[in-house]
Amino acid sequence: MASATIETTGLTRSYGDICALKPIDLQVPEGEWLSVMGHSGSGKSTLMNLVGGLDRPSGGTLKVGGEDLLALSEDGLARFRREYVGIIFQQHHLVPYLSAVENVMMAQYFHSVPDEAEAKLALERVGLGHRLKNRPGELSGGEQQRVCIARAIINSPKLLLGDEPTGNLDHKSTLMVMDLLKELRAEERFTVVLVTHNEEVASWGDRTIYLDDGVLVRDERLGD
Amino acid sequence: MPTLKLIPHLLSYAGIVLVLLRAFAGRRLLVAVASLIGFVAGIAAAVLLFRFCPGEPGFGLVRDVVGGGFLLFWGVAVTAVYRSTGHDLPMTWWDDLLARPAAGAAAALAASLVAGAVCACRLSSGDSLITYLLLILAAALLVLGAHALERQLPAAFAVAPAGLMAVVVALLVFSSASIIRLDLFSPLTMKVMKFAHDFVHQFFESMLIPDHLFIRTNLWGYIGLLFGKEIGFWGALVILLVPVFLVLLSINFEPLPQVAHIRQGAQRRRLLAEAIGSRRRRLVIPGLSLVILAAAVYRSLYPSVEYWDPKPVAVTATPAGEIFIPKKGEIDLEDGKLHKYLYKAGGKEARFFIVMTPAGKLSVDLDACAICKPDGYGQAEGTVICYYCKTLIPMETVGKPGGCNPVPVPFTVRNDGVHLDAMTIINTWGSTVQATARVKEAGK
């Protein structure tokens, strides 16, 4: 059995009096594709932010890739995000005045040093070899999301997080993006945690957990 | 107040110990002990030196040792930049030597020895044994402080061998620049100025180019730039700073690791980024050396000592053309201080001074030299200083002609005072000094 990439015990997150995430015990083995489902405000994004080192928990333990995220300093957490995690957002968060290749190179810059040839290859890999110099405003939603995927995988992360990556896309683009993610995961063997509302998107994973009001209410494996 | 005047020297020493501890981080205790032993030995050596060679010879020796260290640094800098360009030098013996455990201790001993000697030069023979003991105690505390501070410094604060040499030499130069008789920059300025001056004259003579016939006045203006003190200043600055720039270049030229064989782009880039980052961090120390050397130049240009610079006293000649200055009049000529006089006759004037040399003899000299614009001389800490080029002339050599020394004037001493020939004074001033002044101001 593969070692757990994500391991939490009693993980909680509160914002003042509001408890966004009630104690959660979760193990995600290396290479697994986990879909996280739930209604708005159920704590999906909170869980993803904690796992990605974007936020700090209020209690419990949280280990990702063997690293105890609670013990890391701000610098350590930044290094963890830089070297271990790739994130795809629903809103893309691409820099509007940079071209597609420059957006990917920016991720390289914050990781180590930029390498234009490698960034171009990454965009070719996601099928955007002909759109290298186009800015985000000149790309369709699906194309922008593919730039995001290229940006997320350029630093060879061990963990790929997606926060509603297909939320803004039509069905055709959704299928294209999911197909691409599946293909890349098969090649790179990273672990995927994907937050979604969409049952169809969730079904692409190996396992789906359901959150309701910050509580893990169901944990299903594909085919169960 | 001996404590205050020792602060720049003690800070320099602390800086030396700190970088040595970081450069030889595996042998901290050995380096710390060697640093303290070296410092104490340096003080003892300087005390003995000044007991047997008081005055200029003692200062000269310490200055030469610091200057020798600087020349060695030039050699290290040139070698470093040569090796960084991929050229191989059969220097494995040197690398082996640096890798030996005793290398750190030897470097600490040598650098601290010089630092201790420079520090002791600041103390005078009148300072008591307690002052020396307090100095050693302060040094011991600084070593302990540096030892503690070094452990707090981030691991990224790396010191390359050439960078270590740069900062140690820069701190020693800064320390010595705080003592006007040990200052390296002023004599360097003078030597560059004299070289440019002599070179231009020799060139014109060897080319048989007469002074005025074929060369336009405005062209002389440009040639005249070579005679000014600016050429000395900028030339000396280049000599002082270039080796540090060479060290910076050598670090910058270091080849990056071979990564073409690494398949994963992120890993390849991370290795490159680490190498580039390490290279950048190793630039910090030589960069700091530039700042320290700039501070040394500032100390040299604006020393903290106050010069004795009396207003010239007007004198007249007897009908027989003799100027008489009594030994013990309103002014005591034998008090060891420089005394200036002004003689005017027939629309001409000349400034001169009388001073008692350490040998106990009076010396009469023009208040100008044969090279510089006649801005005159001041006196401080056993030297006279040329106000134009800031060159220090040891009191022992006042009365001897040549270079930037004040031009000596013939005189006689009889029982009651100094007797001078007024015509000789005016003529000497006119033939040498006024010509120099015209050259400087007219740009020729």
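**Sheet in chain A**

I began with the open sheet of chain A, whose six strands follow the order 6-7-8-3-9-10 with mixed pairing; strands are DSSP runs of E of at least two residues, helices are runs of H or I of at least four, and both are numbered from the N terminus. I took two strands as paired if DSSP finds at least two bridges between them. I noted that strand 6 (85–89) and strand 10 (215–221) of chain A stand at the edges with a single partner strand each, so one side of each has no neighbour in the sheet. Direction ignored, neighbouring strands of this sheet are turned by 15 degrees against each other on average.

This is a predicted model, in which local features need pLDDT of at least 70 and side-chain atom pairs count only at pLDDT 80 or more, while totals for chains, interfaces and linings use all residues. Residues are numbered from 1 along each chain as its sequence is written, with chains lettered from A and ligands numbered from 1 in the order in which they are written.

**Strand 6 and helix 1 of chain A**

I then looked up the pairing of strand 6 with strand 7 (residues 159–163) of chain A, which run parallel and are joined by five bridges. Within this pairing, A:Ile87 stands opposite A:Leu161 of strand 7. Helix 1 (residues 44–51) of chain A lies across strand 3 (33–38), strand 7, strand 8 (191–196) and strand 9 (207–212), and runs at about 155 degrees to strand 8; such angles run from 0 to 180 degrees between N-to-C directions, with axes fitted to C-alpha atoms, for helices over the stretch in contact.

**A helix pair in chain B**

I found helix 8 (residues 161–177) and helix 11 (residues 229–253) of chain B packed at about 160 degrees with their axes 10 Å apart. The two helices are therefore roughly antiparallel, the word for angles over 145 degrees. Their contact (C-beta atoms, placed from the backbone, within 7 Å) is made by B:Ala162, B:Gly163 and B:Ala166 of helix 8 and by B:Val244, B:Val247 and B:Ser250 of helix 11.

**Between the chains, and confidence**

I looked up the contacts between the chains, where eight residues of chain A meet eight residues of chain B. For the model as a whole I recorded ipTM 0.82 and pTM 0.75. Chain B has a mean pLDDT (the predictor's confidence in each residue, from 0 to 100) of 84, and 91% of its residues reach 70 or more. Over residues 438–444 of chain B, however, the pLDDT is below 50, and this stretch has twelve contacts in the model beyond near neighbours in sequence.

Conventions. Contact = placed C-beta atoms within 7 Å. Parallel < 35°, antiparallel > 145°, perpendicular 65-115°, else oblique.
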